[in-house]
Amino acid sequence: MSEDSLLGRLYKDDEIIVEEGTQSRTMYVIQGGKVKVVKSAKGSETVLALLGAGDIFGEMSLFDASPRSATIKAVGEARVLAIEYEGLLKRIKMDPTLALRIIKQMCQRIRDLNGRLISAQRTMHHTSDTLLQLKKAEDVRIKDLEPKIITIVTQLQEKLHAITEQYVHQGESLHEY
Amino acid sequence: MGGAKVTLHDGARVAIIGGGPAGSFFGIFASKLARDMGKALDLTIYERKSFVTHGASGCNMCAGVVSESLVQTLALEGINLPPTVVQCGIESYYFHTLDGSIEIKSSRLSQRGIATVFRGSGPAGSVAKGIQSFDDFLLQKAIEHGACVKRSFIDRVCMEGDKPELYSGGNMLQDCDLLVGAFGIKAGTGKMYEDIIPGYKVPPTVKTAQSEIELGSDWVAHRFGHSIHIFLLRIPGIKFASVIPKGDYITISVLGKDPKADHIKAFLNHDAMKKFLPSGFKVPEKFCHCFPKISVGAARKPFARRTAFVGDASSTRLYKDGIGSAYITAKAAAHTALLHGIGEKDFREYYFPTCKSLNRDNLFGQFLFAANHLMSVVSPISRSYFNIVRCEQKSLQKNTPYSDILWDMFTGSRCYKDIFMRTLHPWWIIYLLGAVVIYPFKKAVFSFINR
C-alpha cells in the first residue's frame with residue numbers, strides 16, 4: 001500500500017485521535033488500519049471496541065454536541081478521514097438520506113448495547129441466585145460473603161482486561177460494527 | 001397513457017446508458033434503495049468501453065480529481081476509495097502567478113482529503129504500474145449491488161410504445177421500464193436523444209486540453225508533493241492550467257479558448273513550469289494528450305416519461321467536481337424513480353429541482369471565475385490578494401476568509417453561492433481594496449528608505 005495514495009491523516013500506534021471529555025464535532029471514517037475505543041477509569045483502561053477500515057466513529061457528538069464519550073486511539077498505524085461538521089450539515093440538508101448510514105450504525109450500536117445489557121442482567125440474576133443458594137446451604141449472612149465476592153469480581157475484571165488487551169494486540173476484531 | 005401514474009414495480013427493468021460515474025452511481029443508489037424498500041430491480045448498464053484497458057481507449061478523459069466534499073460523502077455512503085484507485089492524496093493547492101507562488105491549505109481540516117485518480121487504467125505504457133481505474137472501481141460497486149454490465153453500443157432507442165426499446169446494430173436488445181441517460185457529453189449519442197425525447201437538449205460544452213506526462217514517482221513526489229498546482233500565467237489562449245500529481249505521472253489540464261497541443265507545449269516551456277520539470281526536459285514529439293469537452297451549462301428538460309438524464313448529460317458544476325455532480329444527479333434521479341415514480345411529472349417535481357439548484361449555483365460560479373480571471377490579469381489586485389493569503393497561511397488557526405474563498409473555489413468544497421455571499425462581506429472588500437492602495441505606497445516608502 002503506497003503511503004502517497006492514502007487519504008485522511010496518519011496516526012501512529014497509540015496516538016490519540018479523539019480524547020474523552022473534549023469538545024469537538026468532527027466525525028471520522030477509517031481508511032486504513034485499526035483503532036480502539038477506550039474508556040479510562042481510576043488509571044485503568046477498558047477497551048470497548050476495535051474498529052477497522054470503513055468504520056465510522058465520533059458520530060454521537062455530531063448530533064448532541066456533548067463532550068466525547070470515549071477516547072479513540074490508533075492500534076498500529078491508522079489512517080483516518082475526518083468529516084467536517086459544517087460541510088456535512090449542509091450536505092445532509094440537501095440530501096437527508098446521507099444521514100441514513102450514520103443512523104443505521106447508531107441503531108446497530110443500540111442493538112449491541114441492548115444485547116450487552118441483557119447479558120449483564122442475566123449475569124447479575126445468576127450471581128444473586130448463586131448467593132441465595134450459598135446462603136441457604138451454608139447458612140451465612142450475605143454481608144459475610146462480601147470480601148469473597150469482591151475478590152472474585154476483581155479477578156474477573158483483571159482476566160477480562162488481559163483478554164481484551166491480547167485481542168487488541170493480535171489485531172483481532174472484538175466487535176465489528 | 002401519458003398522464004397515468006407509472007412506478008418502478010418489483011422486478012422492473014432499468015437500462016442505464018453509460019457506465020461512467022453517473023451510470024454506476026445510479027445503479028448503486030437505485031439498487032440500495034430498492035432493497036431497503038423490499039424490491040428487486042433488473043438493472044443493466046450499457047458501456048462499450050472497458051476501463052481496464054490502458055491508454056485512450058479505456059479513459060473517460062477528465063482531470064481525475066475527486067473533490068474534498070465527494071471523498072467525505074462517498075466515505076459516509078460506505079464507498080471508501082482504495083489506495084490502488086487513489087494515485088495521490090491531496091492536502092494543499094499551490095497557486096503560481098507571475099508574482100510568485102503560494103500554498104493554500106484548508107483551514108478547516110488538516111488532512112489529505114482530495115483524491116487524484118485515473119478514469120481509465122492509466123496512460124498507454126502504464127501496464128505494470130498496478131493502476132486501478134476509478135470508473136471501473138465504481139462499476140464494480142454497481143455490479144456488487146446487483147447491476148449487470150453489457151458491452152453493447154446502443155445506437156437506437158425507440159420510444160414508440162409505452163416502454164423505451166433499445167437497439168444495437170439493428171437488433172432489439174430489450175425494452176425497459178426506465179431509461180437512464182448517463183452517456184456524458186458524447187455529441188452523437190446526445191443528438192440521438194434530442195431527436196427522440198421532446199424538449200431534451202444536451203448542455204453546451206467547451207473544449208479543454210489535457211496531457212499525461214511521465215516523470216517518475218520520486219520526481220513527482222519531490223517536486224509536486226501532495227498538492228495540485230494552479231498556474232495563472234497569462235499565457236495567450238490559456239485561462240489557467242493545473243498540474244495534478246498521479247504517482248509516476250502528472251496530468252496537465254489547460255482551460256482556455258479553443259486550447260490546442262501547442263498551448264500545452266507553451267505551458268510546459270514557460271519558465272514558471274520549467275522549474276518543476278527535470279533539467280533538460282524536452283516536450284516529446286508524441287505525448288499523451290486529448291481535447292475532451294466539458295459541460296458548462298445545463299441540459300434542457302433532462303427527463304421525460306420513463307426517462308431521466310444524469311451526470312454531464314444533465315447538469316454539472318461549472319469547471320469543478322464533475323464526478324460530484326454525477327453523484328448528486330444520479331442519486332436524486334434514483335430516489336425520485338423509486339420513491340415517487342417515473343412519470344414526467346414525478347421527475348419534474350422531485351428530480352428537476354436538484355438540476356435547477358446546480359444550474360443556479362453555476363451562475364454564481366460564472367461570476368466568481370470571471371472575477372478570478374480579472375484579478376489574475378490585474379497585477380496590483382492579484383499581488384495584494386496573494387499577500388493577504390500568504391499572511392493568513394502563516395496562522396491557520398485564525399480566521400482565513402481570503403484563503404478559504406480560493407480553497408473552496410478550486411477544490412469544489414462549497415457551493416458557489418456560498419462562496420459568492422462571502423465575497424460580498426463589506427470588510428472583505430474594504431480590506432482587499434486597502435491592501436491594493438497600501439501595497440504600492442509601502443513599496444515606494446521602502447525603496448526610498450533603502451536608496
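This is a predicted model: local features need pLDDT of at least 70, side-chain atom pairs count only at pLDDT 80 or more; totals for chains, interfaces and linings use all residues.
The contact between the two chains draws on 31 residues from chain B and 31 residues from chain A, and the area buried between chain B and chain A comes to about 2,400 Å², of which 55% lies on carbon and sulfur atoms. Between chain B and chain A there are 13 residue pairs in polar contact, counted where both residues are at pLDDT 80 or more. On the side of chain B that touches chain A, the elements that give two or more residues are α2 (68-76), β4 (86-90), β7 (114-117) and α8 (322-339) of chain B, and α2(B) gives the most, with six residues. Divided by class, this side of chain B consists of twelve nonpolar, twelve polar and seven charged residues. Four salt bridges are counted between chain B and chain A; one salt bridge joins the side chains of Asp36(B) and Lys104(A), with an N to O distance of 3.4 Å.

Within chain B, the assignment gives domain 1 (13-64 + 129-204 + 296-361), domain 2 (205-294) and domain 3 (371-446). The centres of domain 1 and domain 2 of chain B, taken over C-alpha atoms, are separated by 31 Å, and the contact between these two domains takes ten residues from domain 1 and 16 residues from domain 2. Domain 1 and domain 2 of chain B bury about 1,100 Å² between them, with 64% of this area on carbon and sulfur atoms. The side of domain 1 of chain B that touches domain 2 of chain B is made up of eight nonpolar residues, one polar residue and one charged residue.

Arg317(B) lies in the loop between β20 (307-309) and α8 of chain B. Because its relative accessibility is 8%, Arg317(B) counts as buried, the cut-off for that class being under 20%. The side chain of Arg317(B) reaches the backbone oxygen of Arg414(B) at 2.8 Å. When neighbours within four places in sequence are left aside, the residues in contact with Arg317(B) are Ser325(B), Leu358(B), Asp361(B), Asn362(B), Gly412(B), Arg414(B), Cys415(B) and Tyr416(B).

Definitions and conventions:
Residues are numbered from 1 along each chain as its sequence is written. Chains are lettered from A and ligands numbered from 1 in the order in which they are written. Side-chain values use heavy atoms; hydrogens and water are left out. Contact means heavy atoms within 4.5 Å. Buried area is the accessible area (1.4 Å probe) that two parts lose on being put together, summed over both. A polar contact is a pair of N or O atoms within 3.5 Å; within protein, one must be able to donate a hydrogen and the other to accept it, and residues adjacent in sequence count only if both atoms are side-chain atoms. Helices (H or I, at least four residues) and strands (E, at least two) are DSSP runs, numbered from the N terminus. Ala, Val, Leu, Ile, Met, Phe, Trp, Tyr, Cys and Pro count as nonpolar, Asp, Glu, Lys and Arg as charged, and the others, Gly among them, as polar. Buried means under 20% relative accessible area, exposed over 50%, partly exposed in between (1.4 Å probe, protein chains only). Domain bounds come from an automatic or database domain assignment.
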